Amino acid sequence: MNNWNSRTKLVHAGTRRSQYGEVAEAIFLTQGFVYDSAEQAEARFIETGPDEFIYARYGNPTVRMLEERMAATEGTEDAFATASGMAAVNGALVSLLKAGDHVVAARQLFGSCLYILNNVLGRYGVEVTLVDGTNLAEWEAAVRPGTKAVFFESVSNPTLEIMDIAGIARIAHRVGALVVVDNVFATPLESRAVALGADAVIYSTTKHVDGQGRCLGGMILGTKEFIRKTVEPYLKHTGGAMSPFNAWVMLKGIETLDLRVRAAADSAKAIAEAIQGHGKLAHVIYPGLADHAQHALAASQMPNGGTLLALDLKGGKEAAFRFLNALRIFTITNNLGDSKSLVTHPATTTHSSLTDEARAVAGIGPGLVRVSIGLEDTQDLIEDVMKALEAA
């Protein structure tokens with residue numbers, strides 16, 4: 001399996017069949033597992049084998065298939081599936097950190113990630129330093145001997161700024177800090193986060209892995225030691241496990257991840273190029289465009305420009321709302337990475353909990369619209385966006 005290419009791994013990695021030899025992965029909808037004897041139960045609680053399970057909160061055959069498939073695709077030793085993407089962020093950070101520890105994070109983060117850093121970790125005595133994630137000098141100044149971890153989104157939500165994974169990892173590793181990367185915008189498709197120095201990678205599998213707006217899920221990937229000695233004890237006792245049904249849905253979704261992401265990324269680039277320079281737009285933000293401030297860095301870290309773009313409309317919130325309300329194919333919702341094309345206004349939705357000052361620092365202005373491209377016809381999407389821009 002290690003010699004397989006990513007598309008083959010996305011279809012076959014981690015597959016385990018019951019005695020019935022089913023083709024599609026089986027859904028093991030059970031909360032517990034039985035033992036042949038009291039001695040077997042005792043032995044299993046000491047150490048479980050690859051096909052031995054105790055309780056669904058600890059592990060499940062269907063969930064384990066998804067974990068192994070994701071780990072094989074990402075190139076990590078192990079993985080732990082969680083109930084949601086934010087359960088993965090919380091699980092990775094809280095399991096790792098304790099009172100008195102120091103963590104450095106990019107300030108360009110999803111609002112809920114900032115909440116975990118400032119309101120959860122901060123409340124329990126973890127010192128958090130926020131930096132401009134795109135500025136290596138700020139990372140250099142912020143880390144210190146004893147810094148336990150650094151955390152950032154490889155592509156920031158929603159402004160699509162690119163973090164230099166290799167550069168940040170070099171700085172962090174010099175002081176012994178663990179590098180934790182939220183890689184959801186880049187997707188697991190040909191991700192280079194681990195090769196570039198990430199120690200742990202986080203995904204909201206709700207997004208591109210499911211890709212069809214059905215189920216919540218998350219994934220933490222890393223070394224076997226980190227997953228089994230740090231993450232698993234915390235998550236199995238606090239209950240952030242993924243549902244077996246959700247894992248089965250995502251096993252079917254991940255089979256087509258390569259095809260879906262490539263198609264959506266091709267459309268995203270075509271749309272960005274078609275509307276670039278439009279009179280109603282102050283700026284089109286897309287890593288695949290040559291005028292993106294970090295275009296070269298994006299190209300070195302991602303196989304394509306991604307499935308998302310951001311539009312900064314002249315006229316602020318009023319123009320943004322007119323644009324959103326004029327769209328006919330795009331759906332207004334705060335999800336992303338779907339087969340349907342989606343749009344949201346971050347300042348009033350995903351990042352509404354931030355202060356005006358914090359949004360300004362993050363580059364989230366009143367005219368900013370985040371656009372997630374789906375699988376509809378590219379020309380239809382371009383025409384829909386063009387007509388909505390005229391209405392703005």
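Select H7 (165-174) and what covers its buried residues: H6, S4, S5 and helix H11 (295-301) are included in that cover. Cover here rests on contacts, meaning heavy atoms within 4.5 Å. Helices (H or I, at least four residues) and strands (E, at least two) are DSSP runs, numbered from the N terminus. This is a predicted model: local features need pLDDT of at least 70, side-chain atom pairs count only at pLDDT 80 or more, and totals for chains, interfaces and linings use all residues. Residues are numbered from 1 along each chain as its sequence is written, and side-chain values use heavy atoms, with hydrogens and water left out.

**Stop 1: along H7**

Stay on H7. Of its 10 residues, 7 are buried. Buried means under 20% relative accessible area, exposed means over 50%, and partly exposed lies in between (1.4 Å probe, protein chains only). Pick out Ile165, Ala166, Gly167, Ile168, Ala169, Ile171 and Ala172: these are the buried residues of H7.

**Stop 2: the loop between S4 and H7**

Now select Pro158, which sits in the loop between S4 and helix H7. The peptide bond from Asn157 to Pro158 is cis, with omega near 10 degrees. Move on to Leu160, in the loop between S4 and H7. Leu160 is not a glycine, yet its phi is positive, near 55 degrees. Is Leu160 buried or exposed? Leu160 is buried, with a relative accessible area of 2%.

**Stop 3: Thr187**

Select Thr187 in the loop between strand S5 (178-182) and strand S6 (200-204). Here too, phi is positive in a residue that is not a glycine: about 70 degrees for Thr187. Thr187 has 2% relative accessibility, so it counts as buried.

**Stop 4: aromatic pairs**

Show the aromatic rings. The whole structure holds 3 aromatic pairs. A pair of aromatic rings is described by the distance of the centres and the angle of the planes. Rings of Phe, Tyr and Trp (its six-membered ring) pair if their centres lie within 6.5 Å; planes under 30 degrees apart count as stacked, over 60 as edge-to-face and the rest as tilted.

Select Trp139 and Phe152. Their rings are edge-to-face, 5.8 Å centre to centre, with 70 degrees between the planes. Trp139 belongs to helix H6 (residues 136-142) and Phe152 to strand S4 (residues 147-153), so the pair ties together parts that are 13 residues apart in sequence. Both Trp139 and Phe152 are buried.

Next, select Phe245 and Trp248. This pair is tilted, at 6.3 Å centre to centre and 35 degrees between the planes. Both residues lie in helix H9 (residues 244-254), 3 residues apart, about one turn of the helix. Phe245 has 38% relative accessibility, so it counts as partly exposed. Trp248 has 25%, so it counts as partly exposed as well.

**Stop 5: helix H12**

Select helix H12 (residues 316-326). Its buried residues include Gly316, Ala319, Ala320, Phe323, Leu324 and Ala326. What lies over them? The cover for the buried residues of H12 includes strand S9 (308-313), strand S10 (331-332), strand S11 (342-344), strand S12 (368-372) and helix H14 (378-391).

**Stop 6: His12**

Go to His12, in helix H1 (residues 6-12). His12 has 45% relative accessibility, so it counts as partly exposed. Which residues does His12 touch, not counting those up to four places away in sequence? The answer is Trp4 and Arg69.

**Stop 7: the whole chain**

Zoom out. The protein chain has 14 helices and 12 strands. Its radius of gyration (over C-alpha atoms) is 21 Å, close to the 21 Å from the globule rule for 392 residues, so the chain is as compact as a globular protein of that length. That rule is 2.2 Å times the number of residues to the power 0.38. Along the principal axes, the C-alpha atoms fill a box of roughly 75 × 50 × 35 Å.

Colour by burial: 55% of the 392 residues count as buried. Among contacts between residues at least 6 apart in sequence, 73% join residues at least 24 apart.
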